[in-house]
Protein chains: 2
Amino acid sequence: MQHKPKALFFDVFGTLTDWHSSISQALSARLTPLYGALDYGAMATSWRGRYQPSMEPIRQGDRSFVPLDQLHEENLKHVILAHGLPDLDDNLCRELAMAWRYLTPWPDVVAGLDALRQSFLLAPVSNGNVALMVVLARHAGFHFDMILGAEMAQNYKPMPDVYLRSAALIGLLPEECMMVAAHNDDLQAASALGLKTAFFPRLREYGPNQQTDLCAQGNYDLVADDLLDLAQQLLV
Amino acid sequence: MQHKPKALFFDVFGTLTDWHSSISQALSARLTPLYGALDYGAMATSWRGRYQPSMEPIRQGDRSFVPLDQLHEENLKHVILAHGLPDLDDNLCRELAMAWRYLTPWPDVVAGLDALRQSFLLAPVSNGNVALMVVLARHAGFHFDMILGAEMAQNYKPMPDVYLRSAALIGLLPEECMMVAAHNDDLQAASALGLKTAFFPRLREYGPNQQTDLCAQGNYDLVADDLLDLAQQLLV
């Protein structure tokens with residue numbers, strides 16, 4: 001890498017946090033008393049499966065921007081019906097959607113961010129809305145300099161304005177920012193806009209049978225094993 | 001106070017940082033080699049004196065939003081001419097405008113914020129733009145959860161949308177947020193919108209001959225001596 005970035009932009013769901021375990025547990029804790037022992041891991045996967053499609057009308061301009069909290073609620077209602085359960089009441093649905101604010105970080109993340117914080121500005125560039133991300137950062141112990149991402153651009157990754165607005169708000173050129181993600185589509189979009197890119201895999205993000213994002217599929221500036229390895233490579 | 005706030009919103013210039021000393025020193029350091037020993041304290045006061053008037057066309061809708069960095073540059077050019085000095089070149093002007101990113105905090109602030117951080121979400125709600133505030137927070141050792149304020153609303157305090165957009169972005173009702181400032185106009189505007197308010201004076205904000213904001217002029221939820229005293233009152 002010719003010049004080091006000044007800021008690191010992080011994908012959060014999957015890259016920094018283990019949503020599959022956290023959401024499976026949250027569903028199980030709240031729904032087992034109502035419906036017994038179901039496959040809550042599969043339900044978590046279905047819930048996440050509706051994540052990208054639910055953003056598509058907003059990306060296409062067919063729907064005004066709504067924060068991810070709201071998409072999570074709407075998507076859960078569909079998942080509950082698709083799994084043959086009776087309709088959830090709105091309060092329970094809202095309560096379960098808040099589980100996305102209390103995800104567990106992968107074991108390397110807190111130490112990795114703390115190390116990187118010595119030399120770089122750190123910000124999430126996530127599809128999660130600001131209120132979600134503020135609470136999640138507190139819960140998980142992430143010390144960010146600023147919350148950037150989808151809500152700042154009123155659009156969803158991988159649309160260009162999410163990356164470009166994030167860089168502009170923090171006062172940097174795209175090439176002064178590095179997008180860090182475990183997802184190839186995110187990094188390909190960032191790279192096309194001139195941001196630097198770093199990949200490491202999260203082989204269990206989707207649970208035990210993961211098929212996607214098992215390795216880097218792009219010409220990234222850095223490929224690492226995890227965030228601690230990334231820190232070691234960037235801090236030399 | 002019936003219910004404690006969940007988030008504390010901070011004014012930054014004057015309330016958390018000593019801009020008068022910092023800016024006087026920055027002007028002196030850079031301009032003394034060019035122009036000799038002038039009254040750089042008076043020049044700092046003049047620069048700040050153009051702060052509110054320069055925002056007014058934006059508040060009135062007569063000018064599109066531009067970040068405070070840009071207003072600082074424009075205002076400095078006027079001040080230089082008003083003090084009878086030759087026009088500054090653009091690069092030097094831009095460099096001096098960056099001095100607002102490196103202000104010294106008042107002595108009680110870092111410890112006060114760290115104490116308050118245990119129980120509250122913390123965010124600046126300043127007229128400073130995001131890039132300015134991110135760098136200032138790093139420089140001064142302020143650990144915020146998020147940068148809110150003018151740029152989020154594309155308008156300047158005390159316009160209502162700056163406070164309301166800040167509360168909405170962090171996912172809280174106005175009454176769940178407390179504006180903390182050493183300026184009565186800021187707190188009166190926040191209070192009128194339903195935010196909680198806390199005042200403490202900064203008797204030397206404008207240097208040795210300060211005439212304004214010497215005491216609380218409003219029915220605020222809290223009045224304190226400084227940020228440490230505020231923390232003590234809020235954390236009981």
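How many helices and strands does chain A have? In this predicted model, chain A has eleven helices and eight strands. Its radius of gyration is 18 Å, close to the 18 Å that the globule rule gives for 236 residues, so chain A is as compact as a globular protein of that length. Along the principal axes, the C-alpha atoms of chain A fill a box of roughly 55 × 35 × 30 Å. Of the 236 residues in chain A, 56% are buried. The accessible surface of this chain comes to about 9,500 Å², and carbon and sulfur atoms account for 51% of that surface. Among contacts in chain A between residues at least 6 apart in sequence, 67% join residues at least 24 apart.

In chain B, six strands form an open sheet with parallel pairing, in the order S5-S4-S1-S6-S7-S8. Strand S5 (148-149) and strand S8 (222-223) of chain B are the edge strands, each pairing on one side only. Strand S1 (residues 7-10) of chain B pairs in the parallel sense with strand S4 (residues 121-126) of chain B over four bridges, and Phe9(B) stands opposite Ala123(B) in S4(B). Four bridges also join S1(B) to S6(B), and these two strands run parallel; here Phe10(B) stands opposite Val180(B) in S6(B).

Strand S6 (residues 177-181) of chain B is largely enclosed by the rest of the structure, because five of its five residues are buried. In a regular strand the side chains alternate between the two faces of the sheet. In S6(B), Cys177(B), Met179(B) and Ala181(B) point one way, while Met178(B) and Val180(B) point the other way, and all are buried. S6(B) also pairs in the parallel sense with strand S7 (residues 196-199) of chain B, over four bridges, with Met178(B) opposite Lys196(B) in S7(B). Together with helix H10 (residues 184-192) of chain B, S6(B) and S7(B) make a right-handed β-α-β unit.

Helix H9 (residues 160-169) of chain B has as its buried residues Val162(B), Tyr163(B), Ser166(B), Ala167(B) and Leu169(B). Seen down the axis of H9(B), these buried residues fall within an arc of 165°, so they line one face of the helix. An α-helix has 3.6 residues a turn, so residues three or four places apart point the same way. After H9(B) comes Gly171(B), which has a positive phi, near 75°.

Conventions. Residues numbered from 1 in each chain as written. Chains lettered and ligands numbered in written order. Predicted model: local features only at pLDDT ≥ 70, side-chain atom pairs only at ≥ 80, totals over all residues. Heavy atoms only, no water. Pairing = 2+ DSSP bridges. Buried < 20%, exposed > 50% of the residue type's maximum accessible area, 1.4 Å probe, protein only. Right-handed = clockwise from strand over helix to strand, strands pointing away. Arc of directions from axis to C-beta. Rg over C-alpha atoms; globule rule 2.2 N^0.38 Å. Contact = heavy atoms within 4.5 Å. Areas by Shrake-Rupley, 256 points an atom, 1.4 Å probe, with all protein chains shown as cover.
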